[in-house]
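I hope they are handy while you look it over.

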Amino acid sequence: MGNNGFIDGVHLINEEHFITCTNEGSISLWGVNRKKPLAVVLNAHGVNAANNMPNWVTAIAAMRNTDLVASGSCDGYIRFWKCDNQFRNLLPLHSVYINGFINALQFSSDGRFLVVAVGQEHRLGRWFKVKEAKNDICIITLKT
């Protein structure tokens, strides 16, 4: 079971694992020596009620050499995930809502912050627009 859509983002977790996100709403956890994902979360950000399609996962980030992953979507939610001890599953931890498209995510090098790029539109095109949103950079302080 792999990705059906196109891979929209990829981020290294550690020297042996990486994470990807797709336009068809899935997040996949990979091992560098495997051809298929170790774990897949389908509809990771739910389904759009207007068109019954999965919400596009538009951004992905991993805190380097930890088990913490964050994903962002066109639904405005940033979801935090935990990789289990064997990197065979992704477990939901928490979510934060920011009005707009989550276009990019990056953890700070010390792990104290998550930097979020938010926009009125998707970074790759103008298919949808959230007029109430502001093009902005948000910084989320993480508890250590």
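**Notes on the model**

1. Leucine 105 has valine 116 in β10 standing opposite. The strand that partners β10 here is β9, and β9 and strand β10 (residues 113-119) are antiparallel to each other over 6 bridges. Strands, here and below, are DSSP runs of E of at least two residues, and helices are runs of H or I of at least four, both numbered from the N terminus. Two strands are taken as paired if DSSP finds at least two bridges between them.

2. A word on the basis before going further. This is a predicted model, in which local features need pLDDT of at least 70 and side-chain atom pairs count only at pLDDT 80 or more, while totals for chains, interfaces and linings use all residues. Residues are numbered from 1 along each chain as its sequence is written, and side-chain values use heavy atoms, with hydrogens and water left out.

3. Back to the sheet: in which order do its 3 strands run? The order is β9-β10-β11, in an open sheet with antiparallel pairing. β9 (101-107) and β11 (136-141) are the edge strands, each with a single partner, so one side of each has no neighbour in the sheet. From one strand to the next the twist averages 25°, with axes being lines fitted to C-alpha atoms (for helices, over the stretch in contact) and angles running from 0 to 180 degrees between N-to-C directions.

4. Now the charged pairs. Counting a side-chain nitrogen of Lys or Arg within 4 Å of a carboxyl oxygen of Asp or Glu as a salt bridge, the total is 4. One of them joins glutamate 15 and arginine 64, at 2.6 Å from N to O. This pair links distant parts of the chain, 49 residues apart: glutamate 15 sits in the loop between β1 (7-12) and β2 (17-22), and arginine 64 in the loop between β5 (57-62) and β6 (68-73). Glutamate 15 is exposed at 59% relative accessibility, and arginine 64 is partly exposed at 44%. For these classes, buried is under 20% relative accessible area, exposed is over 50%, and partly exposed is in between (1.4 Å probe, protein chains only).

5. Another salt bridge pairs lysine 82 with aspartate 67, whose closest N and O atoms are 2.5 Å apart. Lysine 82 belongs to strand β7 (residues 77-83) and aspartate 67 to the loop between β5 and β6, so the pair ties together parts 15 residues apart in sequence. Lysine 82 is partly exposed at 27% relative accessibility, and aspartate 67 is partly exposed at 28%. Arginine 79 and aspartate 75 also form a salt bridge, with 3.5 Å between the closest N and O atoms.

6. How many disulfides are there? The count is 0, where a disulfide is a pair of cysteine sulfur atoms within 2.5 Å. For cysteine 74, the nearest cysteine sulfur is that of cysteine 21, 11 Å away. Cysteine 74 is partly exposed, with a relative accessible area of 22%. The sulfur of cysteine 138 has its closest cysteine sulfur in cysteine 74, 17 Å away and too far for a bond.

7. Rings of Phe, Tyr and Trp (its six-membered ring) pair if their centres lie within 6.5 Å; planes under 30 degrees apart are stacked, over 60 edge-to-face, and the rest tilted. The whole structure holds 3 aromatic pairs. In one of them, phenylalanine 6 and tryptophan 56 have ring centres 5.8 Å apart and planes at 85°, so the pair is edge-to-face. Phenylalanine 6 is in the segment before β1 and tryptophan 56 in the loop between β4 and β5, 50 residues apart. Phenylalanine 6 is partly exposed at 40% relative accessible area, whereas tryptophan 56 is buried at 14%.

8. Phenylalanine 18 and tryptophan 30 make a stacked pair, 6.0 Å centre to centre with 0° between the planes. Phenylalanine 18 is in strand β2 and tryptophan 30 in strand β3 (residues 27-31), 12 residues apart. Phenylalanine 18 is partly exposed at 22% relative accessibility, and tryptophan 30 is buried at 11%.

9. Finally, is alanine 50 buried or exposed? Alanine 50 is exposed, with a relative accessible area of 76%, and is found in the loop between β4 (39-41) and β5.
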